[in-house]
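Subject: Structure handover

Hello,

Here is the structure I said I would pass on. My notes on what was found in it follow below.

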Amino acid sequence: MANLKEIRNRITSISSTMQITSAMKMVSAAKLKKAQDAITAMRPYAEKLTELLQNLSASLDGDVGGEFTTQREVKKVLIVAITSNRGLCGAFNANVIKEAKNRSEYYAGKQVDVFAIGKKGNDILSKTATVIDNQSSVFDNLTFENVADIAKTLTQKFLAGEYDRIELIYNQFKNAATQIVQTEQFLPLAPVQSDKASAGDYIFEPAKEEIVLTLIPKALKTQLYKCVRDSFASEHGARMTAMHKATDNATELRNQLKLTYNKARQAAITNEILEIVGGAEALKG
């Protein structure tokens, strides 16, 4: 059994850890509310924009999307892995990294590169894959304009023929305790299922074709922004949950150590009493 000083030191250390994890939980909870409100408010807009684009595309003949819808033979793939800049958020980053590796194995025999958004993904994936860029600074000022610049860069790489397919991997926010890893095709645009999309009752000005070609870049920027926003909210939810569990575990361990300390202290006092009694009896003899 450890001596009393060692147990006291462990109790002090665990109490300090509890203060840190509890503070991190409260900070993440505060940030989560803002991030959750942002993604909840944005989803209807993103979904409506996608629906409008599908309705327009379904009512047109031919490849109206031009280069954005070109289905080339897949030889070069770019995987956009959206993670966080910081850890201590459970399996949040590990799940995205694992899925990115699974997609790389799926495209075995082809050129597969990684475009990292988030420091954690860049640090791990750069050891086993070719990371062409890391845009971790976007989380320092998460605005539509900053994410739109990234979407524009990805689009240019596809249109220039550098990659035949671009996929997004991120954590979709469901609630504070649940994040769902999603893989979405960014480019080329997935073919529209005509039975799922209807033309709708729209008045087109100037023309359907021009409207679609104007909406596609905006829809791509919105899609990426939604994914990054989803990941941002998921990160704080995952960290809040992880820190809550860490605080509970630390509390349980501290209580066990206090019990062990009290038992050891009682044993030490009993031994001292026995020694005193034994000494007194020896003097009488």
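Lys 226 and Asp 230 both sit in helix H5, 4 residues apart, which puts about one helical turn between them. The two form a salt bridge, with their closest N and O atoms 4.0 Å apart. Lys 226 counts as buried, at 14% relative accessibility, and Asp 230 is buried as well, at 0%. The pair belongs to a network: salt bridges with shared partners connect Arg 43, Glu 184, Lys 226 and Asp 230. Please keep in mind throughout that this is a predicted model.

Other salt bridges

The whole structure contains 9 salt bridges. Another of the bridges here joins Asp 37 to Lys 33, at 2.8 Å from N to O. Both residues are in helix H1, 4 residues apart, or about one turn of the helix. Asp 37 is partly exposed, with a relative accessible area of 39%, and Lys 33 is partly exposed too, at 49%.

A further bridge runs between Arg 72 and Asp 164, whose closest N and O atoms are 3.2 Å apart. Arg 72 is in the loop between H1 and E1, while Asp 164 is in the loop between H4 and E4, so this bridge ties together parts that are 92 residues apart in sequence. Of the two partners, Arg 72 is partly exposed, with 27% relative accessibility, whereas Asp 164 is buried, with a relative accessible area of 8%.

Nonpolar cores

In soluble globular proteins, nonpolar side chains tend to be buried together. In this model, the largest nonpolar core has 40 residues. Val 80, Ile 82, Ile 117, Leu 154, Ile 166, Phe 186 and Leu 224 have the most contacts inside it. At least two core residues come from each of helices H1 (4–58), H4 (144–159) and H5 (208–284), and also from each of strands E1 (76–82), E2 (111–117), E4 (165–175) and E5 (178–187). H5 provides the largest share of this core, with 12 residues. Apart from this core there is another one, of 12 residues, including Val 74, Ala 81, Val 114 and Leu 125.

Which residues does Val 80 contact, leaving aside its neighbours within four places in sequence? They are Phe 115, Ile 117, Leu 154, Ile 166, Glu 167, Leu 168 and Ile 169.

Arg 103

Arg 103 is part of helix H2, which covers residues 92–106. With 18% relative accessibility, Arg 103 counts as buried. Not counting residues up to four places away in sequence, Arg 103 touches Ile 79, Glu 167, Ile 169 and Thr 183. Thr 260 is 157 residues from Arg 103 along the chain, and the C-alpha atoms of the two are separated by 49 Å.

Ile 269 lies in helix H5 and counts as partly exposed, at 31% relative accessibility.

Regards

Methods. Residues are numbered from 1 along each chain as its sequence is written. This is a predicted model: local features need pLDDT of at least 70, side-chain atom pairs count only at pLDDT 80 or more; totals for chains, interfaces and linings use all residues. Side-chain values use heavy atoms; hydrogens and water are left out. A nonpolar core is a set of buried Ala, Val, Leu, Ile, Met, Phe, Trp, Tyr and Cys residues joined through side-chain atoms within 4.5 Å. Buried means under 20% relative accessible area, exposed over 50%, partly exposed in between (1.4 Å probe, protein chains only). Contact means heavy atoms within 4.5 Å. A salt bridge is a side-chain nitrogen of Lys or Arg within 4 Å of a carboxyl oxygen of Asp or Glu.
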